[in-house]
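Subject: Structure for you to look at

Dear colleague,

Here is the structure I promised to pass on to you. Please open it beside this message, so that you can follow each part as you read.

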Amino acid sequence: MTQPRYVIGYDVGGTKLGIGLASTDGKLLGSAMLPNKDTYPEDVLPEALRISKQLLADAGLSTKDLAAFGISSPYPADPVNGIMTAPTNNKFWRNVPIRKYFEDNLGIAGCFENDANCAALAEWFFGAGRGCKDFIFLTMSTGIGAGIIAADKLVRGKGFFAGELGHMVVKPDGRYCNCGLRGCYEAYCGGRAIAMHLQAELRTMPENIMVKMVDGKLEDIDMIVFEKAVRAGDAYAMEQWDEMCRLNAQVFGGLLNTFNPERLVLGTFAWAIGDLFMDPIRKYLPKYCWKQTLQDCELVAGELKREMAAYAGPAAAINFLKEKGEL
Ligand SMILES: [Zn+2]
């Protein structure tokens, strides 16, 4: 058994920057959150560095003990050069060479990955995907993204777009998606798109329970209101919910027959909503994949939940060492 090594990681989100210090055998040794709404990188990065050193000191370590760092970044980005080009949630972060910043200031090598891949790596090393060689994680909240682990490796694709599952077309010429295509999976099953769709349809249904729940303020209708309406037994909400779950099953079935994973781990909706979300998907799944691929696969909710930001960066760093053959 080799000695565990230490890694640090950064998850750059639109409202928070998560920092995590971990050991390569899957233990989180410390974490911190920095506010990151409408910030400037020249303020936030030195602060992240200072907190990193503090976390190391608190664990009785220093930067010399680090084997690697990892950065979890939203897209669009330049993953080859480790540059955050134009993140949609951070309007003052433009062409930020974040990987070089940490290379120079920590004096070690590190990696830059998109946040959906990092979430999958985090569940793989620290959460619901532990021990799997074939495993898929799906971010399911405002948008939908996937991180695919196949044959013990993260699948990135030629241009680093592998896992852009939210933009697989499920309805030709269907709803417009903000990616430019029509009929994307995310346009039907992503939280933001569902809210927009319900708000538009409910304009002509003033008597619906959802409209009453928000006192007529249609812009307040979101996944939480939708879920409550389903739990209250509203016929329209239940029909829409059923269609959403059926479409999820259709896409998951495709994944099961394509990758034959041993575990399919679902993000936010799965753990925040629970059986109301999972049960109909389980009911419909046999229509969309083979019995054998279904038997091979466990469908579960993610374990890291709101702690994801602490694990995403260190997980990328662990994978970086693994890909270099150092773990
Ligand atoms: Zn799309």
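Predicted model: local features only at pLDDT ≥ 70, side-chain atom pairs only at ≥ 80, totals over all residues.

Residues are numbered from 1 along each chain as its sequence is written.

The chain is divided into domain 1 (6–124 + 306–323) and domain 2 (131–302), with bounds that come from an automatic or database domain assignment. The centres of the two domains, taken over C-alpha atoms, are separated by 28 Å. Across the boundary, 10 residues of domain 1 are in contact with 14 residues of domain 2, where contact means that the C-beta atoms of two residues, placed from the backbone, lie within 7 Å. On the domain 1 side, helix α3 (residues 115–126) supplies the largest share, seven residues; helices here are DSSP runs of H or I with at least four residues, and strands are runs of E with at least two, numbered from the N terminus.

Helix α3 has 12 residues and reaches 16 Å from its first C-alpha to its last, close to the 16 Å expected at 1.5 Å a residue, the expected span being 1.5 Å times one less than the number of residues. Because 12 of the 12 residues of α3 are buried, this helix is largely enclosed by the rest of the structure. A residue is called buried if 20 or more other C-beta atoms lie within 10 Å of its own, exposed if 12 or fewer, and partly exposed in between, with C-beta atoms placed from the backbone.

The largest nonpolar core holds 96 residues, and V7, L121, A122, A312, A315, A316 and A317 touch the most other members. Helix α12 (residues 308–323) gives the most to this core, with 10 residues. Since domain 1 and domain 2 both give residues to this core, it lies between them. Such a core is a set of buried Ala, Val, Leu, Ile, Met, Phe, Trp, Tyr and Cys residues joined through C-beta atoms within 7 Å.

Finally, five strands form an open sheet of mixed pairing in the order β8-β7-β6-β9-β10, where two strands pair if DSSP finds at least two bridges between them. β8 (153–154) and β10 (298–301) stand at the edges with a single partner strand each, so one side of each is left without a neighbour in the sheet. Strand β9 (residues 263–266) runs parallel to β10 and is joined to it by four bridges.

Best wishes
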